[in-house]
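Open the model and follow along.

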Amino acid sequence: MKKLIKKLTMASVLLSLFMLVACGTRDEVLQPATVSIAVGVDVGDSSPEKFTFVLETVSQERGEDFTDAPFEMPLPDGSSQIEIYGGANANFDNLTFERAGTFVYRVVQRGLEVEDDAWLIDERIFDVTITVTATGNQLVADVMYTVNGAEVAEIRFVNQSISLPYIGVTGIPENYATEISHADGMSYLALVNRHFRLSSDFSPADLSVVNALNIYGNMNQWIQMRATAARAMELMLDTAYEDEGHVIIIVSGYRSYETQTSVHNNHIANRGEAEARRVSARPGHSEHQLGLAMDLSTFGLGGQLSSQFSSTPEGNWIKNHAHRFGFIIRYPANREPDTGFIYEPWHLRYIGVEAATQMYGTGWILEEFLLRN
Ligand SMILES: [Zn+2]
């Protein structure tokens, strides 16, 4: 199945096959041959794009001295299907061959790749042929592979590590994005970033006014978040005041697609497109549209959204306590290459207490947390 997604500039899927052949050395019995296959995707980016690799047994031909009935070549437990993200490796370790014969494994890669300047969800099939022969008291595995049925030359190796040619992606372009479903957008763990966006009509039904102070020193009447996040925000700001006397004000919560469009266009008008993208999400790509984000400030900062917030007592308290209320600082310091955004100590994202607590102190960004959970 192929599906055209969106135009982009340039990229390639980096795929490597790496096979390791090892043999044992006992005397009497034929020692098994072991083959490990590693498949890596390097997208040159800490991209959340997901690639799936499936290792299947396709066919088994019996060797000459193999007289038993055909047997199922077992796949290593739990490793027949592996989902990985950019920069990672999928390892099919220790495929053990105890008999001579020819065994064909199929590695099916499902993921994104580029063709004619467009992203496709595509499949690439590697048929890995493992020929096992007896040499002395050892079995030796001899591996070769084809890509999509076409034989790849110069890849016959015996008893050594091999590194096969790559086909690869060098980067996920910024103008590529997958639109997430309404249901996914309603998850407290929803991932909205440069690569995943909300539809223009996404708007959560449970928006609720956040009862907290605004820049005018009044109780806010219109800034909203989803109800659960709103109550958590109120509790956090009340606690900051009750425990430490910190007065923190809310500046911007839920923003519709249309509002984000004008916010982003203002940034472009003021600082140009490239700079605008560092500080402002494009429409559909803002967590504010989720109803789970809130920008905070103080009277001392005049209600500005400033990196100086992190060095105020108020901002410092938020940094150390937000997780207790289910919030994370979504765009941490020194993570612009990964998040695409400058350090925003003022931008709080609700993900729930359990997830926020797990993330606190790890230095993970949300994408990294989601990869590990
Ligand atoms: Zn924000």
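## Helix α2 and its buried face

In this predicted model, the buried residues of α2 are Ala229, Ala230, Ala232, Met233, Met236, Leu237 and Ala240. Viewed down the axis of α2, these buried residues fall within an arc of 165°, so they line one face of the helix.

What do the buried residues of α2 pack against? Their partners are β15 (207-209), β16 (224-226), β18, α5 (313-321), β19 and β20 (347-350). On the face turned away from the buried side, α2 carries the exposed residues Asp238, Glu242 and Asp243.

## Lengths and ends of the helices

Helix α2 covers residues 227-244, and its 18 residues reach 26 Å from first C-alpha to last, close to the 26 Å expected at 1.5 Å a residue. Gly245 follows α2 with a positive phi, near 75°.

Just after α3, Gly272 has a positive phi of about 85°.

## A four-stranded sheet

Four strands form an open sheet in the order β17-β18-β20-β19, with antiparallel pairing. At the edges stand β17 (249-252) and β19 (327-329), each with a single partner strand, so one side of each is left without a neighbour in the sheet. From one strand to the next, the twist averages 40°.

β17 pairs with β18 (residues 293-297) in the antiparallel sense over three bridges. In β18, Asp295 is the bridge partner of Ser252.

Technical notes: Residues numbered from 1 in each chain as written. Predicted model: local features only at pLDDT ≥ 70, side-chain atom pairs only at ≥ 80, totals over all residues. Helix = DSSP H or I, 4+ residues; strand = E, 2+ residues; numbered from the N terminus. Pairing = 2+ DSSP bridges. Axes fitted to C-alpha atoms, helices over the stretch in contact; angles between N-to-C directions. Expected span 1.5 Å × (residues − 1). Buried ≥ 20, exposed ≤ 12 C-beta atoms within 10 Å, placed from the backbone. Arc of directions from axis to C-beta. Contact = placed C-beta atoms within 7 Å.
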